[in-house]
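Hi everyone, thanks for coming. I'd like to walk you through a structure that may be new to you, so please have a look at it on the screen.

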Amino acid sequence: MESIKINSGINLYHIPMTKLKTTTVGIYIHRPLCEWEVSLNAVLPYVLKRGCGLCPDNTAVAEYLENLYGARLGAYTMKLGDDQIIYLGLETISDKYAPDGEKLTEGIIKLAMSLLFEPVSFKDDVLEQEKNNARDRILAEINEKGLYAMRRCGEEMCKGDSFALSVIGTVEGVDKITADGLKKHYEGIINSSVIDIYVCGECDTTAVAENIKKYTETVAFKAAELPQSKIFGGSGEIKNVTEKMDVAQGKLSVGFRTGVKPTDNDYIPLMVFNSIFGGGAHSKLFNNVREKLSLCYYASSSLVKNKGIMFVNAGIEFKNFEKAYNEILAQLENIKNGEISELEFTSGVRAIQNELEAYKDNQRMMQVFYLGQRVSGTDMDLDTLKEKIGKVTMDDVISVSKKVEPDTVYFLTGKEDK
């Protein structure tokens, strides 16, 4: 991967994924996750993509993309630990396959830079439409009960910590946004945030860098640093939260403390532990809690890399709450006691390696992989990580599993359940 520092705030990264016939550009604006701006940041990328100096409205943007042979434009927000990231992304046909030698990559870079640095869409009518869309996204998450349960578990677990905030904001926060207020917020952050630009595919990085400089040479950038995430510590006591809704299936979400930083030697063994514990159809949770004991419809575990947290999520019958929870903990204890078969271990390792290898066929996922490495301070390439995963031993997994402790138990149950 090639990197070019454009200025004190902007970094350009080129990932040469030459076997694919597309080129993707991802722009990631890093902001510290905090209550007063989380809803502003959640709405901002959707407003930015509605018009700019190059394309003054939504129709002009659509026509511009169509003229680039159906190039695509996307926007959303994401969070990595305590880093809220504002994203704009474009994809087009690689210049190598473009008719008549057209420079399609240059075309999407120009649009991206104009959307980012020449916005014209801070208008009342545009904002109202995007505020309505933002409210719909928030309500849609509530309707997706599995995701809702995991978010609520994180909120309860991390009360008082910025990680408890929803990256898509709140209805109350969205309601307060005005066109003038959003514009001022944009003006306040665009030159004082770290902005990472990833280009995946074939491209002339020198030409891309020059195009970026043309759009940014008049902007007075301030020195900026990546937001830093705090590893979650917890109180040491297990917190139990039950919520009732009109649901047909119970949702159990358990938050665990790991205390492991991404830069710790234990983190890669922790990845293998998570894979063995609940990382897929090869895992203990799937094969024991779901298949053998039929205590849940699904059960899986996932790590929050930059917070030292792991979540276990399961869909269960209301009556099976206690049995399912106890069996989840029993499977964790089995790993701590060294009860891991050779098949479970090798399957866990291979599952991670296969997932990493699949990134080579997905430019978006490759961007996210390297972005995650940068945010966590590990800066490891994909093949190096695959190699390190392969060197993890069963003893490493058993050792790191002993650091994993339950912290918060959240159960979403039916209104009639007693």
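Let's begin with the open sheet: 5 strands in the order 7-11-8-10-9, with mixed pairing. At its edges sit strand 7, residues 239-245, and strand 9, residues 298-304, each of them pairing on one side only. From one strand to the next, the twist averages 15°. Do keep in mind that this is a predicted model.

Now, who packs on this sheet? Helix 5, residues 145-157, does, and it touches strand 7, strand 8 (250-257), strand 9, strand 10 and strand 11 (405-414). The direction of helix 5 makes about 40° with that of strand 8. Helix 11, residues 321-336, packs on the sheet as well, touching strand 8, strand 10 and strand 11. For helix 11, the angle to the direction of strand 8 is about 30°.

Let's zoom in on one pair of strands. Strand 9 and strand 10, which covers residues 309-316, run in the antiparallel sense and share 7 bridges.

My last stop is Glu130, which you'll find in helix 4, residues 124-143. Is Glu130 buried or exposed? Its relative accessible area is 6%, and buried means under 20%, so Glu130 is buried. And what is Glu130 in contact with, leaving aside its neighbours within four places in sequence? The answer is Val43, Tyr46, Val47, Arg50 and Arg137.

Technical notes. Residues numbered from 1 in each chain as written. Predicted model: local features only at pLDDT ≥ 70, side-chain atom pairs only at ≥ 80, totals over all residues. Heavy atoms only, no water. Pairing = 2+ DSSP bridges. Helix = DSSP H or I, 4+ residues; strand = E, 2+ residues; numbered from the N terminus. Axes fitted to C-alpha atoms, helices over the stretch in contact; angles between N-to-C directions. Contact = heavy atoms within 4.5 Å. Buried < 20%, exposed > 50% of the residue type's maximum accessible area, 1.4 Å probe, protein only.
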